[in-house]
Amino acid sequence: MKINGLRTAFCMLATTVAVQANAATIVLGGYPDQLQFVDDTNGHVTQKVTMETGLPSNIQLSTDGKKIYVMTLTAAGLEVVDAYTRKVLTKFSLNTPIDKYRFLGGVPDASGRYFYAIGWHMNKLLDRYRIGKPQYLVIDIQEKKVVRSADIDDDDKVSNGRPSFAISPNGKTFYVFSKKVLIVDTHDLKVTRRIDLAMPDSSLNRDVNMGGIIHAQRDSNHYISLFQSQDPYIHNKTFGVARFDLTSGTFNYTPIGAAPHTVEGLEISPDGKDGYAIEQNGEYGSQRCEMWHFDIKNNIAVNHAEFPCRRRFYFSMSYDGKKLYIYGAGYDIAVYNAKTLKQETDWELRNDITMAGIINLP
């Protein structure tokens with residue numbers, strides 16, 4: 001009996017260890033001031049960390065995967081969280097009674113000393129607020145202040161949606177991905193090159209997350225996302241996958257097909273073979289949303305499936321690439337099977353999800 005009991009206990013322990021080894025953690029922003037850590041096997045919120053500077057508006061994982069950088073909206077704050085102990089390492093607000101900031105997002109450099117962002121500086125005068133031009137901003141995390149800034153040229157202003165950001169491994173080049181790709185020298189904050197390869201247009205009535213560097217691949221040397229291109233003669237649009245080398249500033253664009261009304265939010269499986277995106281057509285009563293599955297190696301569409309639209313939502317993938325997530329503008333995450341594109345379950349969280357994005361931790 002003792003041997004059987006020990007065998008049973010050992011089997012249960014082995015099963016538990018295996019489940020824990022396979023489990024990953026989703027990190028999301030939550031209203032009003034929460035960072036939520038969610039078990040991606042069952043959707044349970046395992047921990048919440050309070051952001052003292054307010055509402056998370058942008059979250060980024062460091063290139064070594066050890067730190068989470070959280071920009072907050074309420075007080076224009078920046079908080080650095082240890083990805084594994086979940087302890088807040090650094091926190092500060094850039095706002096003062098006179099000076100205020102608003103950010104579109106940003107990215108830390110590999111050293112963890114500087115955070116490069118795009119935003120506005122607002123100054124309180126005696127009779128009014130003076131809102132400055134959009135700027136490139138360099139935040140010194142150690143000094144806890146903006147140490148350098150430069151106005152963005154009118155032709156380079158982000159006119160629609162939220163841009164994505166990346167930085168070269170050596171910290172010398174800051175990339176802004178929007179209607180065009182801006183390559184910015186981090187020393188003088190001047191644009192050294194512009195590439196007219198645009199991300200797909202975003203709907204004015206809905207916000208679909210374009211994603212950032214594909215975290216599942218853990219590749220700090222490349223930025224991979226869905227883009228569209230237009231020929232200069234008859235202006236036909238195609239969409240496809242662009243791979244940017246963040247060291248050299250070069251890119252490779254492979255078209256997949258004619259661009260539909262809207263196709264956004266590319267997610268790539270960890271092995272780099274499968275890609276998933278969202279296609280949207282119509283408005284309001286005629287609105288229709290589909291998930292598309294692509295063979296990235298051969299640049300062909302494998303299958304697609306319709307899913308219930310939301311007026312505003314985000315799209316992401318699990319760490320192992322087996323699940324797809326539709327979330328945002330609510331308390332839940334709709335979970336879909338990546339192979340069948342069918343919904344498996346719906347996870348209810350404790351806090352309304354913010355627009356900060358999503359991070360997957362192993």
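This is a predicted model: local features need pLDDT of at least 70, side-chain atom pairs count only at pLDDT 80 or more; totals for chains, interfaces and linings use all residues.

Biologist: How much of the protein is buried?

Modeller: Buried residues are 51% of the 362 residues.

Biologist: And what share of the contacts comes from residues 24 or more positions apart?

Modeller: Taking contacts with a separation of 6 or more, 44% are between residues 24 or more positions apart.

Biologist: Okay, switching topic. How many disulfides does the structure hold?

Modeller: It holds 1 disulfide. C289 and C309 form it, and their sulfur atoms sit 2.1 Å apart.

Biologist: Where in the chain are those two?

Modeller: C289 is in strand β22, residues 288-295. C309 is in the loop between β23 (300-307) and β24 (314-317). The two are 20 residues apart, so the pair links distant parts of the chain.

Biologist: Which hand does the link of C289 and C309 have?

Modeller: Right-handed, with 125° about the S-S bond.

Biologist: Is C289 buried or exposed?

Modeller: C289 counts as buried, because its relative accessibility is 0% and the cut-off for buried is under 20%.

Biologist: And why does C309 count as partly exposed?

Modeller: Because its relative accessible area is 27%, and partly exposed covers what lies between the buried limit of under 20% and the exposed limit of over 50%.

Technical notes:
Residues are numbered from 1 along each chain as its sequence is written. Side-chain values use heavy atoms; hydrogens and water are left out. A disulfide is a pair of cysteine sulfur atoms within 2.5 Å. Helices (H or I, at least four residues) and strands (E, at least two) are DSSP runs, numbered from the N terminus. Buried means under 20% relative accessible area, exposed over 50%, partly exposed in between (1.4 Å probe, protein chains only). Contact means heavy atoms within 4.5 Å.
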